[in-house]
Structures are given as structure tokens and as C-alpha cells.
Amino acid sequence: MINRRDFLKFTVKGIAGVALPLAAFEIVNPRKLFADKSDTSRVRYVFLIDTYKCVGCGMCVKACKLENEIPYDANVTRTWVERYVITKDGKTFADTPKGARDGFTTSRIDLGMGKFQDIKNEDIDKAFFVPKLCNQCENPPCVQVCPVGATYQAPDGVVMVDRDWCIGCGYCIMGCPYGVRFFHPVYHTAEKCNFCYHRITKGLKTACVDVCPFGARQIGNIKDPNDPVTKIIMTERVGILKEEYGTKPQAFYIGLDREVK
Amino acid sequence: MVHGELWTLKELFVYPNEYIYWSVQIVMYPFMTGLVAGAFVLSSLYHVFGIKQLREMARFALVFSFALLFVAPMPIVLHLQHPFRGVNIFMTPHFTSAIAAFGIVFSAYGAIVASELWFLYRKHFVEVALPLKEKQDKGLLEWLKFFVFCSLTLGVYDVSEETLKRDEKAIRVLAAIGIPVACFLHGYAGFIFGSVKANALWMTPLMPVIFIMSAIVSGIALCMLTYIVTMELRKWVSSRKKSPYRYSESKQELAGVEVNVIKITAKYLLMFLVLAITLELLDLIFRGYTAVKSWDVIRSVIYGRDFTDIFILQYAIGNLIPLVLFLLPGLTIRRAVLGVCFVLFGVFMMRWNVVIGGQAFSLTFAGYMHYHLPIVPYDWETFKEGLAGALSIALMPFPLFWVMSKIFPVFDAKGSH
Amino acid sequence: MKSHVLRPLWVVLGLVALVLIARFFYVPKSFGIHERGYMYGWYRAANVDDWKKVTVKYQGTDYCKDCHSDKYESIMTTPHAIIPCEDCHGPALGHPSDPPKLPVDKSRGLCLRCHTSLPYPTSGRAKIMGIDPDGHNPGIECISCHNPHKPTLEGLK
């Protein structure tokens, strides 16, 4: 039989004994460590697109091609603009002629294979333009599936491709739910928008942001609370693309419609 | 023309960068690795489970599996935009990617098969090397033969009963370890597709299992076919003139052995065929039942554009007809040949319908891409990613197998265990 | 003679050793696991600097306005003020040393990017004055009558 004093002593010792290793576990909890480590990075680039402001001029697509040396006539692009036209009878038409490299200069919708759809203005319920680019996801599925470590995420959130290491298997291209990746026609490696990394790391904006006359595109740093982009993302209603894939995309859309694919 | 533009025709709303990037070579790759895995599993059925009637087939299947192993990476080499950088997979593997498993799995599997072959044929190597060692004046060809077989012995010349028994134990161990590795070899190929959440058709946990089942089916079918062909050749040779083999087997003897082996092997083929069909139908039924966001466009692809490819070519000709052919009693060699040809075609169509079918619809779920396989090669790109490239890969195992049968004789009854 | 069973294993281990040695020489030193961990941060760190070194092509309107003050002042009082010079004239690069001249695109296509009338409800495009490209002087260059640096009525030729 144990007396009360001994029982209490034993209990206190027992609790202290268990608490100590548990505390140690807290200190060496890797998740906490990681959080501390990643907090030292002061920059995380994010993008903001206002689909009310975009007029589909395609200057961003042209500028991106020239700035990032993607052959102008090649039918691939790091960024593009989509047009959506929703008619009164409930149909949705969408196209992106050459990625809107030359803008949208006709009201006819390009249906592919040489077919076009004429739509009368009075039949349109709503129509708008949606610029697209790499979302620099927080959980990039393209990086996860690269077999050789040729594509990666830099600490500031930008996902890039190492042209000297990429073997050209195309797994990252198949892994991207947003279709932003492609094979560079000259280097034959995987290619995609990298937020004009050579510009933003010099304090400039991306080429597409600079050339947009209407301010439809903006780039910002989500870790800076005074950044105008951060303020909008935090205080106004914004949407993201294909949230169900769990990629945590970092390109935010004002005026994102349910019809946007 | 950007890569993929040549053979892709876009319809309705497709993203600008979308093309059919994974074309016929990516169809060939799982087909070839499936044959590798299937042939090995067939060989292991004898070594591990002791199914005595499969002894002849086991030797044959193992050597064929080894020949196929060298052909299997070829589709990848042809597909890669930078084939010489392919070595990066061994240098800096990123194991969060299923493709990175390629390096480890292929090397491990290659090591197992090579070792098993060594134990199986060690006695033969010694028996060829020793007399050549004694011979004083060797011709150039004999020198070559001596060099090859001497190195293959790995310096071990003991062929006593005791060591041969240890060899058999080693073979059994290797065959047993090899089965899960062979399953992994093809399971990972299924994982490559099944884990791509961006592709609505590929994304399913069933994909690795479906791939393994159909791989075993194709491996068994190919071994049966090649076995029948070689047996027919031997029968023709022995009936035409005095047999060149040390052991003259009459045509009747050969025929008797052949039918028995085929009948037993066909039983296993049937088993795995039923499993493969069940899993695929399960996947289809689930998709239709749950009808998630992608179901509208996938349904239009499966029941519309690709109906012939899926239901006529793959299910009817590739699965149903062989099922009937093998289930009917009194299996003849002729019926078996027809059956395995259809089975191989069906497995190929399954790979085609997964790879090409998965790229038949756009990520927008509001557009389609049509695949036009380049038939006539007029440059390197249209060769390697076209019909010519696919056929070269398909035919490559046979000359390789012939070369290997010179080192690992498949029908020499005395040379191996 | 028990060891003969393990002989193939030694061969395999030898090959593995060779691969590891080759790896030591082949893989660049900056390759490793970086800030984002193994899943997202497995790469050659030197590549980040490679990307930083790409030349900047678009210099921005401030780059042009001092030498081309006449065009700049003219356009600034019009709705075209929002358009950066390089949108229509292409990137400045090292102008005026290289290239000495920037292209002047006179095609209809350039203007039609914005000025094809697309009265889309809810889109900013509806607010831009536009024309029907097949109806309004088809085939004739816009600049025959309109001055892009002064697109107002007084600029009309």
C-alpha cells in the first residue's frame, strides 16, 4: 500500500519526467524550425490581375515574348489572354488566338480547325478578358514531379527551370493544371513564366506589368504589408484558379467569373 | 513548329501551350516495361512456386526478359529532348517524382535478372570456357568466345553438385525478390500517370495496379508467342534434316511438350486477364457514378471520339475475344497464337488509350486535341516520334534475344539447371 | 566455396561505386537541398544567378521622355498617355547605341488591338472608342488620318 505523500511525490515526478521530453520535442519540432527559417525571407512575390480592366490588347503577350526571348512566331508563350463571351442563351464561347499575341482584332470567336463563331453584340450577356500566367504556386506540382531537380522554387516563391540541367522529359508540363508550361523551341527544355526574374530582382516590375496601359496586371510582395497589391489581396474580394488541386496558386484575380477555365 | 505542334490538331478552347507532348514513344515505354515485368513473373512462377510444367518456358522467359530490359529504356531515350542528359536521373534523382524511380528500379531489376541468369547458366559458361582455355592455337572468333565466357564465369570454375545446389537456392531467392521488384518496375510506370492530378483521366489510385496486371498479361502473352514461334522453327528444322542439336528430338516429341506448356501458361494468362479487365471496368464505372467536374469532357472522349479505340479495339478485340478463345475447351496452338496476338494488341491499345486519351481533351475541359501519328518519316523528329520509331522499338527485342541466346542458350537441355 | 554465391553482388556493388564516383565529378557543387526543402528546393543554386543575368530589354517610358520630349509632351495630354512608348515601338534595349532606330509599326493591326469595337458588358474594352475593322476604311493604314501621339480630333489629318 502506498501512502499519500509517496503517491503525490511519485505523481509529481512522473508528470515532470514526462513533461521534460515533451518540451524537448517542442523545441526540436521541425515544423516550427522551418516556419522560423522561412520567415527570414522578406520577399514572396504574388501577382494581381484585374479582369475588369483588361481590354485584350495583348501588349503583355508581345512584351513578354520580346523580353524573355521566346521566338515571336512560335505558337507558345509564357503568358496569354483568354476571351470569354457568355451569350443570352446560356452558351459560353472562349478563345485565345495565338495567345492574344496580336490582341483581339475581331469579334468572331476562333473555334480552331478553321472555324469561327459570329456573335451579335445584342446576344452578349457578359464578356471579358482573362490574362493568365504562371501562378508560382506555393505547392507547385510541376516541381514535385521533376525527376532530376531541374525545376525548383526559389525562396522568394518564383518557380524556375535550370536550362542546363533539364532533360526534356515533359513531366512538369503534364503536371501543371494551368497549362503554363511548354518546351522552348530553341533550347528544347521546359519553359514558363518566371515573373521576369531578371527584372524583379533589380527592383523593376515584370515586362507585362510595365507595358499594360490599363493597370490590369500588378506584381507585389505579400510579405510587405504596405505593398498596394498586398492591401488589395487582403481587403478586397479576390479569386484564384483551380483551387481544388491544392496547388495554392499565388496569382489573384479581381472579377474572376465562374466560367473561367 | 514547336514540339508537339506537328501531330496535334486543336479544337474549340485549348490553352495556347497545350500540345500532345507525350506521344507514341510514351505509349511504347510502358508497353515494353510491361513485357519485361510480365516475362520475369512468368519465369518466377517456375523458380519460386515450382510449377514444373513451366520449366522450359522459365528459362526462355528469363532470357527474353533480359533482352527486353535493354530495349525498354529506348523509347525514353528517343523521347527526351536532351537524351544525353538522361544520366541526370542517376546523378541527381528527385525522388518526389515517380520518373526518378527509373534509375533505382531499372538498375535493381537489371542486377537481379543478370545475377539470376549467371546462376542459371554458370555451368554452361564453365563448360565452354574450360576446353577453350586448354586449346593452344585459337582463331580470332575462338579468342573472342574464350574472352567472353571466361569473364562471364566471374572466376568461379567449381561445378560440383554442392555448388550447383547452392546456385538453385540463389536462383529461388533472386526470383522471389525479383517478383516485387518487377511489379515495382511496372507499378511505378502506372504511378507516373496515376499521380498526375492535373490530368483528369490519369488521376486514379487504380492506375498502378491496372498497369501491373496488364503488364503481366502482355509479358506472358509475348513469351507464349515467341515460344510457339521458336518451337515451330525447331519442329521444321528437325523434320527437314538431321537435327543440328546434340539431342535430336523428334517432331512429335517437340509438339507434345509444346502444347502442354502452352496450356499451363494460358491458365495464368487467363487469370491475370480477368483481373486486368475487372480493374479497368471498375475505374470506368466509378467515374461515371461519381461524375466529378471532368466527367462531361471525359465522357465525350470515352463514349464519343475514342469509342472505337476503347470499346472495339481494346475491350472487344483485345480482351473479350481472347477471353473466349482461351476459355473454350481443347486449346490448340493455332487458337493460342490468335489469342496472344489479340491480347498483345489489347494491351498496346490500353497504353494508347491512357496516354493519348489523357491528352485528347484540354485542361480547359472545353476543348479537344487530335493526335495524328506521323507515318512517313521525313526528318529525325518524325522518325523518332512516329510510326517508324515505334516499330523499331517493337522489333528491337528479337535480334537482341537472338544474340543473347548465343550466350544463354534457351533450348539446350544440358547446359543449364 | 560459399563465397561464390555472393560474387554477382560484388560486381553490382562495384558498379554502384563507379556511379557514385562519376557522380562526384559530374554534379555541380551548388546542387543540393535549398530553402524550400527536398520536394521544392532540390536544385543547382548557381542557376538563380544565371537567370538574374538575363539582359533587360524594356526600359520604360522614363527612358524615352528626355530625348523624345516632343512626342512625350504631345501624347501626355491625350487618352494615349497611358500607353508606354515601348508598347508600340518595341523594347528600347540599348537605344540609341544599339539599336540606333526603333521600329515604327504602321500596320492597322497595331491599332486594332484596342480599337476594334468590342462592346463587352463588364469589360473595360467596352469603354474604348472603336471601329468595325471591315467597315471603317479597310486596307488603309490608320495613321494616314490619325496621329497616334495626338489621337484627338485636332490631331486628325
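1. W80(A) stands opposite K132(A) in β6(A), where strands are DSSP runs (E, at least two residues) numbered from the N terminus, and helices are runs of H or I with at least four residues. Eight bridges join strand β2 (residues 80–87) of chain A to β6(A), and the two run antiparallel; two strands count as paired if DSSP finds at least two bridges between them.

2. This is a predicted model, in which local features need pLDDT of at least 70 and side-chain atom pairs count only at pLDDT 80 or more, while totals for chains, interfaces and linings use all residues. Residues are numbered from 1 along each chain as its sequence is written, and chains are lettered from A, with ligands numbered from 1, in the order in which they are written.

3. Another open sheet of three strands in chain A has the order β11-β1-β12, with mixed pairing. Within it, five bridges join β1 (residues 45–50) of chain A to β11(A), the two running antiparallel, and Y45(A) stands opposite N221(A) in β11(A).

4. Turning to the interface, 40 residues of chain C are in contact with 46 residues of chain A, contact meaning that the C-beta atoms, placed from the backbone, lie within 7 Å.

Conventions
Contact = placed C-beta atoms within 7 Å.
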